Amino acid sequence: MTFGFAPSAAASMSGFSTSADMSADSPNRLGRMLEPAEWSAAGIPLLRNPREVVSGLHARHRPTPETAVVAVLDPEERLRASASFTRRPSAADGWVFRNALLAQLRRVIPHDLRRRTPVRTAVLLYCRDGDARWTPEDGAWMWGLRDACTLHGLRCGAYITLTRDGWQVLGEGRGGRRPSTGSHPEAFADTDPPPPIRTGGAASEVLRRVAAR
């Protein structure tokens, strides 16, 4: 298993957080989100077994509301890396979400920018309050995931919400009642070595600074 590491946090955080702070006040924030129809039309690859992916991420990270879990899958849909972090209260901005996701991807897996065609896929599981219906916050996460994948040389995969009603792959209409925000993690078989898992880190700090404004 290979690991990817971002540039030192001390060297990059000052410029990164300043840009994020400026972006949070930008009048273009509402444009940095995707409607469900736009997402469906983007040709996002379907997961062969979404419930297995969701159950595996839920068991590994045990997300609570306001937790985002970004995961990278290989062509056989095996989990190669994942990271989770907490979204702090702030305006829903796809640009800020993109930077948070990109920071986590850089920490846990090397980029595929040298490949002509991406072979690995990033998916995002976001645990939140409310029901399974699309919200502008979901649209901002979709925008952020798509852009982060482009910048890291990955295919943009599914965006999945986890709520009290269960899980839902937005834009596809597929979902289930378990796991949900109130369910216990299910046992799952994993024949591969455990992938690297990261929590918190630079992305969480960026979101905290944005929220403090």
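Biologist: How much of the protein chain's 213 residues counts as buried?
Modeller: Of those 213 residues, 48% are buried, where buried means under 20% relative accessible area, exposed means over 50%, and partly exposed is in between (1.4 Å probe, protein chains only). Keep in mind that this is a predicted model, where local features need pLDDT of at least 70 and side-chain atom pairs count only at pLDDT 80 or more, while totals for chains, interfaces and linings use all residues. Residues are numbered from 1 along each chain as its sequence is written, and side-chain values use heavy atoms, with hydrogens and water left out.

Biologist: And what does the accessible surface come to?
Modeller: About 10,100 Å² for the protein chain, with 51% of it belonging to carbon and sulfur atoms. Those areas come from the Shrake-Rupley method with a 1.4 Å probe, and for residues only the protein chains shown count as cover.

Biologist: How many helices and strands are there?
Modeller: The protein chain has 6 helices and 7 strands. Helices (H or I, at least four residues) and strands (E, at least two) are DSSP runs, numbered from the N terminus. Along the sequence the pattern reads α-α-α-β-β-α-β-α-β-β-β-β-α.

Biologist: What share of the contacts joins residues at least 24 apart?
Modeller: Taking contacts between residues at least 6 apart in sequence, 75% join residues at least 24 apart. A contact here is heavy atoms within 4.5 Å.

Biologist: OK, strands. How do S1 and S2 pair?
Modeller: Strand S1 (residues 67-73) and S2 pair in the antiparallel sense, over 7 bridges; two strands pair if DSSP finds at least two bridges between them.

Biologist: Is S2 largely enclosed or exposed?
Modeller: Largely enclosed by the rest of the structure, because 7 of the 8 residues of S2 (residues 79-86) are buried.

Biologist: What sits between the strands in that hairpin?
Modeller: There are 5 residues between S1 and S2, and Glu77 among them takes a positive phi near 65°. Glu77 is not a glycine, and it counts as buried because its relative accessibility is 18%.

Biologist: Switching to helices: how far apart are the end C-alpha atoms of H4?
Modeller: They are 21 Å apart, which agrees with the 21 Å that the 15 residues of H4 (residues 94-108) should span at 1.5 Å a residue. The expected span is 1.5 Å times one less than the number of residues. H4 is largely enclosed by the rest of the structure, since 12 of its 15 residues are buried; these include Phe97, Arg98 and Asn99.

Biologist: What happens at the start of H4?
Modeller: A side-chain oxygen of Asp93 comes to within 2.9 Å of the backbone nitrogen of Trp95.

Biologist: And H5, how far apart are its end C-alpha atoms?
Modeller: For H5 (residues 136-152), 17 residues should span 24 Å at 1.5 Å a residue, and the end C-alpha atoms are 24 Å apart, which agrees. In H5, 12 of the 17 residues are buried, so this helix is largely enclosed by the rest of the structure. Trp141, Met142 and Trp143 are among the buried ones.

Biologist: What covers the buried residues of H5?
Modeller: The cover includes helix H2 (36-41), S1, S2, H4, strand S3 (121-127) and S4. After H5 comes Gly153, with a positive phi near 75°.

Biologist: Which residues is Thr161 in contact with?
Modeller: Leaving out neighbours within four places in sequence, the list includes Leu125, Tyr126, Asp138 and Trp167. Thr161 is in strand S4 (residues 155-163) and counts as buried at 0% relative accessibility.

Biologist: Last one: is the peptide bond from Arg178 to Pro179 cis or trans?
Modeller: Cis, with omega near 0°. Pro179 is in the loop between strand S6 (174-176) and strand S7 (197-199). Ser55 touches Pro179 and also Glu186, not counting residues up to four places away in sequence. Ser55 itself is in helix H3 and is buried, with a relative accessible area of 8%.

Key: Polar contact = N/O pair within 3.5 Å; in protein donor to acceptor, adjacent residues only side chain to side chain.
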